[in-house]
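Me: I have a structure open and would like to go through it piece by piece. Can you keep the answers plain?

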Amino acid sequence: MIQFDNVNKRYPGGYEALSGVSFHLKAGEMAFLTGHSGAGKSSLLKLIACIERASRGNVLIDGQNLRRLKNRHIPALRRKIGVVFQNHNLLYDRTVYDNVALPLIIAGYHQSEVGRRVRAALDKVGLLGKERVMPITLSGGEQQRVGIARAVVNRPPLLLADEPTGNLDPELSREIMGLFEQFNQVGVSVLIATHDHDLISRLDHRLLTLKQGKLERDGWTSEMQERKRAFNNESD
Amino acid sequence: MSPYTSWFWRFMKRSSNKNADMEKRPRSAKPRGRVNAYFTHHLWVLVSSLGVLWRTPMATLMTASVIGIALALPAGLHVLLQNVQQLSTGWEGTAQMSLFLKPGVSEKRIQTLAKKLRGWEGVAEVRYISREQALAEFRELSGFGGALDSLDENPLPAVLVLRPTTEAAEPAQMALLLGKVQKLQSVDLAQLDMEWVRRLSSIIELGKRGVMLLAGLLGMAILLMVGNTIRLTILSRSQEIIVTKLIGATNAFIRRPFLYTGLWYGLMGAILAWILVASLLGLLSAPVSRLSFLYNSQFSLGGLDLETVLVLLGSGLILGLLGSWLAVGKHLQAIEPT
Ligand SMILES: Nc1ncnc2c1ncn2[C@@H]1O[C@H](COP(=O)(O)OP(=O)(O)OP(=O)(O)O)[C@@H](O)[C@H]1O
Ligand SMILES: [Mg+2]
């Protein structure tokens with residue numbers, strides 16, 4: 001689903017946010033992306049959604065090389081990717097309902113279908129009662145969940161999340177992570193950038209660790225799991 | 001209902017059921033009713049962009065008024081010129097031509113000539129004034145009778161007065177007829193009695209050109225105005241544009257509300273211009289009628305004809321759309337997510 005081949009990202013100022021990053025996330029796989037602030041997590045996600053383009057190396061999404069992706073084909077790529085943004089990126093002059101409906105309207109769904117899907121997505125994140133509310137009146141965590149509903153409403157095969165639990169209490173964070181796991185269980189590939197070590201150490205997923213733009217470690221969230229997998233690999 | 005829909009519904013319903021479900025996503029599913037949804041969406045954008053304008057009535061009215069005044073100016077002038085033309089066409093009906101005949105042309109030849117002229121196309125009536133009649137008329141009207149008596153010969157030539165048909169009373173055709181008549185052997189001098197009607201007509205023609213030029217200039221002004229208004233709207237909504245781009249909106253999708261906004265501005269401006277010109281004509285019509293009554297004329301001020309109204313509405317729509325198109329083309333590209 002996502003393949004990085006020796007990818008470099010240098011920003012116009014000359015700062016190299018990513019250098020020599022290679023990994024492969026298979027379709028249906030779920031992984032966490034971690035690293036200190038400024039390690040390049042957001043930059044990596046931006047390359048996937050073609051918000052930024054790689055300076056060197058190749059990024060392949062669903063077999064498609066983004067280096068050769070023309071600008072006018074970017075919208076089609078982004079519709080396949082649901083993104084939960086670090087800063088929510090909601091439209092504050094529209095209701096929660098309209099925010100979540102936006103990807104469906106863009107994709108040209110029929111009104112009646114839009115209504116059902118939006119309500120189903122809002123139900124999923126526990127905000128069904130807040131349909132007609134303006135996002136500005138919601139708490140940070142609720143806004144984050146509106147962002148999640150919007151990211152999944154279109155049933156994208158790939159889900160990216162940048163700090164999706166940044167504003168949530170531990171309880172709600174676990175619930176949101178559970179939600180991502182559920183999406184993953186029905187075949188959605190999921191990549192989540194997060195700082196929250198406490199949270200991910202309790203889960204059992206692949207973990208990519210960035211350090212100053214380099215992929216320092218490609219392993220598993222829990223030590224025990226890691227040793228078990230290493231053992232299995234040797235015995236193959 | 002596609003299998004995809006029902007699958008999605010079941011999936012979404014499972015929020016309470018935490019059991020793992022290994023059901024695979026169907027790959028080749030498509031939302032249904034796309035074409036229908038496309039038109040519904042256009043309609044929705046059309047209505048909602050009007051709604052957005054409605055929420056800021058003063059700003060909208062101001063923009064529409066500027067467009068309205070700019071459109072009303074050439075439209076009003078056009079209607080006034082049309083009226084002047086109408087009026088002068090009435091006068092052209094009274095136009096006539098005097099053919100002064102050479103001395104010594106016999107009575108018989110004059111009669112033949114008159115008969116021949118009556119047969120010409122565009123000639124309604126030919127009246128013969130003999131030298132004697134001319135003398136009698138002159139004596140009566142001028143009061144120089146005594147002076148004429150002292151002459152031993154009648155100095156006045158015979159005259160054929162030619163009145164054109166209403167269709168031929170138009171300046172270009174009158175000039176043609178004049179040229180033809182002048183070539184006749186017996187005619188000494190032919191004179192168009194209403195030369196000034198022709199001059200007026202060319203002034204009207206000039207005026208029409210002027211109105212066209214003015215309309216062109218004001219059209220450009222409207223383009224720039226709408227363009228600038230839309231540019232400001234784009235800038236004020238750049239965050240929204242970025243977010244919709246991130247979610248996968250195409251440029252066409254993002255462009256749409258701005259184009260419809262321009263369309264609405266143009267249409268509102270055109271309707272305002274219509275109202276302005278119509279009220280102006282309404283105000284003028286009573287005094288004009290009174291004036292023409294005093295001059296014993298049937299003339300009354302004509303209003304906006306259907307063609308002018310359609311051109312007015314059409315140019316409003318096109319200018320609004322084009323103005324926003326230019327602004328959108330220039331400024332939307334620059335707004336990209338980072
Ligand atoms: N548009 C940009 N232009 C220049 N430098 C940038 C740009 N975006 C990011 N950077 C730099 O790239 C580096 C990595 O940024 P990035 O946002 O990917 O970090 P991050 O891992 O997401 O951090 P955080 O956890 O704080 O969100 C940072 O040092 C940042 O200053
Ligand atoms: Mg970040």
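**Cavities, pocket and core**

Reply: The largest cavity holds about 120 Å³ of space. A cavity here is a set of points, on a 1 Å grid over the protein atoms alone, where a 1.4 Å probe fits but cannot get out, whereas a pocket is an open set with protein on both sides within 12 Å along at least five of seven lines. Lining residues have an atom within 4 Å of a point. Grid points are joined across faces, edges and corners, and the volume is the space filled by probe spheres set on the points.

Me: Before we go on, what kind of model is this?
Reply: This is a predicted model, in which local features need pLDDT of at least 70 and side-chain atom pairs count only at pLDDT 80 or more, while totals for chains, interfaces and linings use all residues. Residues are numbered from 1 along each chain as its sequence is written, chains are lettered from A and ligands numbered from 1 in the order in which they are written, and side-chain values use heavy atoms, with hydrogens and water left out.

Me: OK. How many cavities of 30 Å³ or more are there?
Reply: The structure has four of them.

Me: Which residues lie nearest the centre of the largest cavity?
Reply: Ile81(A), Gly82(A), Val83(A), Arg150(A) and Ile247(B) do, out of 13 lining residues. Two or more lining residues come from each of helix H2 (74–79), strand E6 (81–84) and helix H5 (140–152) of chain A, and from helix H9 (238–247) of chain B. Helices (H or I, at least four residues) and strands (E, at least two) are DSSP runs, numbered from the N terminus. E6(A) gives the largest share, three residues.

Me: What is the lining like by class?
Reply: Eight residues are nonpolar, two polar and three charged. Ala, Val, Leu, Ile, Met, Phe, Trp, Tyr, Cys and Pro count as nonpolar, Asp, Glu, Lys and Arg as charged, and the others, Gly among them, as polar.

Me: And H9(B), is it mostly covered or uncovered?
Reply: H9(B) is mostly covered, with eight of its 10 residues buried. Buried means under 20% relative accessible area, exposed over 50%, and partly exposed in between (1.4 Å probe, protein chains only). Among the buried residues of H9(B) are Glu240(B), Lys245(B) and Ile247(B). Just after H9(B), Gly248(B) has a positive phi of about 110 degrees.

Me: What about the second largest cavity, how much space is in it?
Reply: About 100 Å³. Chain A residues in its lining include Tyr109(A) and His110(A), and chain B residues include His41(B) and Trp44(B). Helix H2 (residues 34–55) of chain B gives the largest share of that lining, four residues. By class, this second lining has four nonpolar, four polar and no charged residues.

Me: Now the largest pocket. How much space does it have, and what lines it?
Reply: The largest pocket holds about 970 Å³. Its lining has 35 residues, and Arg94(A), Ser48(B), Val52(B), Arg237(B) and Glu240(B) lie nearest the centre. H2(B) gives the most to this lining, eight residues. The classes are 17 nonpolar, 12 polar and six charged.

Me: Changing topic. Where is Ile48(A), and why does it count as buried?
Reply: Ile48(A) is in helix H1 (residues 41–48) of chain A. Ile48(A) counts as buried because its relative accessibility is 0%.

Me: What does it touch?
Reply: Leaving aside neighbours within four places in sequence, Ile48(A) is in contact (heavy atoms within 4.5 Å) with residues including Ile2(A), Phe4(A), Ile61(A) and Leu191(A). Ile48(A) and Ile61(A) are 13 residues apart along the chain, with C-alpha atoms 7.2 Å apart.

Me: Which core does that belong to?
Reply: Ile48(A) is one of the residues with the most contacts inside the largest nonpolar core, which has 116 residues. Such a core is a set of buried Ala, Val, Leu, Ile, Met, Phe, Trp, Tyr and Cys residues joined through side-chain atoms within 4.5 Å. A second, separate core has 24 residues, including Met97(B) and Tyr128(B).

Me: Last one: which strand holds Asn6(A), and what is its phi?
Reply: Asn6(A) is in strand E1 (residues 2–10) of chain A. Its phi is positive, about 50 degrees, although Asn6(A) is not a glycine. Most residues other than glycine have a negative phi. Asn6(A) is partly exposed, with a relative accessible area of 48%.
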